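This report goes through one protein model by topic. The sequence and structure are shown first.

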Amino acid sequence: MTNFPIVNLLSKPEHTLKTIYVACRTCYSALYPIKIWEDSCDEGKMLNLVKKVLSSGHHSTVEHCQFVFAISGVSRACTHQLVRHRHMSFSQKSQRYVTEKGNFEYITPPKIENSNLNEEYKELMEKISNFYEKMITAGIPAEDARAILPNATTSSLVVSLNLRELMHLAQLRLCTNAQLEIRTLVKKMCDLVIAEEPWLKEYLVPKCEIKGYCDEIRGCGRKPQKA
């Protein structure tokens, strides 16, 4: 069984830390940015300045770093949540132009899979698939036949976002109050970036780790509730 969602990091800045460092230094230096870039600088010094600037809340400096992901095996329900995030770009598989072949792929949430309704759920999906195929065979265009496809239908997309938005995405969607599917998706995205840039581990975390407290109506107990 495929381990959905499937997430791959397509591209990232060649010099993530150095790019952010130059942005930080430029704000506080009379030197031309290219001179700062060309000057030799060890990683420890760059990291110290970047962390200091980020701790001060100067997050525009990380907007210069763009990450692009290929994502497959996520439900339309999940992508509906994902596209609500601002400052992200999406190119998604179209249900108008791509006709589902045979039994369409769909996601089964664990709470359904582990319930006594799972068999009925699968039977319903099969009925929907059969009727969808019947409509296509009868000449109904895919853009109309898709009306019966459920939110559980899987999709694929290419997503790009800058580091500031990735940090924001992590803070909201790694929270235990986020739905499990999008939480799993964002965790995989963050893990891929951290594998390339280990110093980002402390920034790609739930918001309670940044704030030191929980501001959700229902907390999980990881951090104390906001007074």
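## Basis of the values

The model is predicted; local features need pLDDT of at least 70 and side-chain atom pairs count only at pLDDT 80 or more, while totals for chains, interfaces and linings use all residues. Residues are numbered from 1 along each chain as its sequence is written, and side-chain values use heavy atoms, with hydrogens and water left out.

Helices (H or I, at least four residues) and strands (E, at least two) are DSSP runs, numbered from the N terminus. Buried stands for under 20% relative accessible area, exposed for over 50%, and partly exposed for the range in between (1.4 Å probe, protein chains only).

## Helix α3

Helix α3 spans residues 43–55. With 13 residues, α3 reaches 18 Å from its first C-alpha to its last, close to the 18 Å expected at 1.5 Å a residue; the expected span is 1.5 Å times one less than the number of residues. The buried residues in α3 are Met46, Leu47, Val50, Val53 and Leu54. They cover an arc of only 130° around the axis, so they sit on the same side of α3; the arc is that of the directions from the helix axis to the C-beta atoms. Asn48, Lys52 and Ser55 are exposed, on the face of α3 turned away from its buried side.

Gly44 is also part of α3 and is partly exposed, with a relative accessible area of 37%.

## Salt bridges

Side chains of opposite charge can pair when their charged atoms come close. A salt bridge is here a side-chain nitrogen of Lys or Arg within 4 Å of a carboxyl oxygen of Asp or Glu. By this rule the model has 13 salt bridges.

One of them joins Glu143 and Arg96, with the closest N and O atoms 2.5 Å apart. Glu143 lies in helix α7 (residues 142–145) and Arg96 in the loop between β3 (88–92) and α5 (110–113), so the pair ties together parts 47 residues apart in sequence. Both ends are partly exposed: Glu143 has a relative accessibility of 32%, and Arg96 has a relative accessible area of 37%.

## Helix α10 and the segment after it

Arg222 and Glu209 form a salt bridge at 2.9 Å, N to O. Arg222 is in the segment after α10 (207–211) and Glu209 in helix α10 itself, so this pair ties together parts that are 13 residues apart in sequence. Arg222 is partly exposed at 44% relative accessibility, and Glu209 is partly exposed at 34%. A salt bridge also links Lys223 to Glu209, at 3.8 Å, N to O. Lys223 lies in the segment after α10, 14 residues from Glu209, and is partly exposed with a relative accessible area of 28%.

Lys207, Lys211, Asp215 and Glu216 are linked in a network of salt bridges. The C-alpha atoms of Asp215 and Lys226 are separated by 5.4 Å, although the residues are 11 apart along the chain.

## Cavity

Cavities and pockets are found on a 1 Å grid over the protein atoms alone: a cavity is a set of points where a 1.4 Å probe fits but cannot get out, a pocket is an open set with protein on both sides within 12 Å along at least five of seven lines, and lining residues have an atom within 4 Å of a point. Grid points are joined across faces, edges and corners, and a volume is the space filled by probe spheres set on the points.

The structure holds one cavity of 30 Å³ or more. The largest cavity contains about 110 Å³ of space. Its lining has 14 residues, with Cys175, Thr176, Cys208, Cys214 and Cys220 nearest its centre.

## Largest pocket

The largest pocket has a volume of about 840 Å³. It is lined by 28 residues, of which Ile107, Thr108, Pro109, Pro110 and Glu181 are the closest to its centre. The elements that give two or more residues to this lining are β2 (66–75), α5, α6 (118–137) and α9 (180–196).
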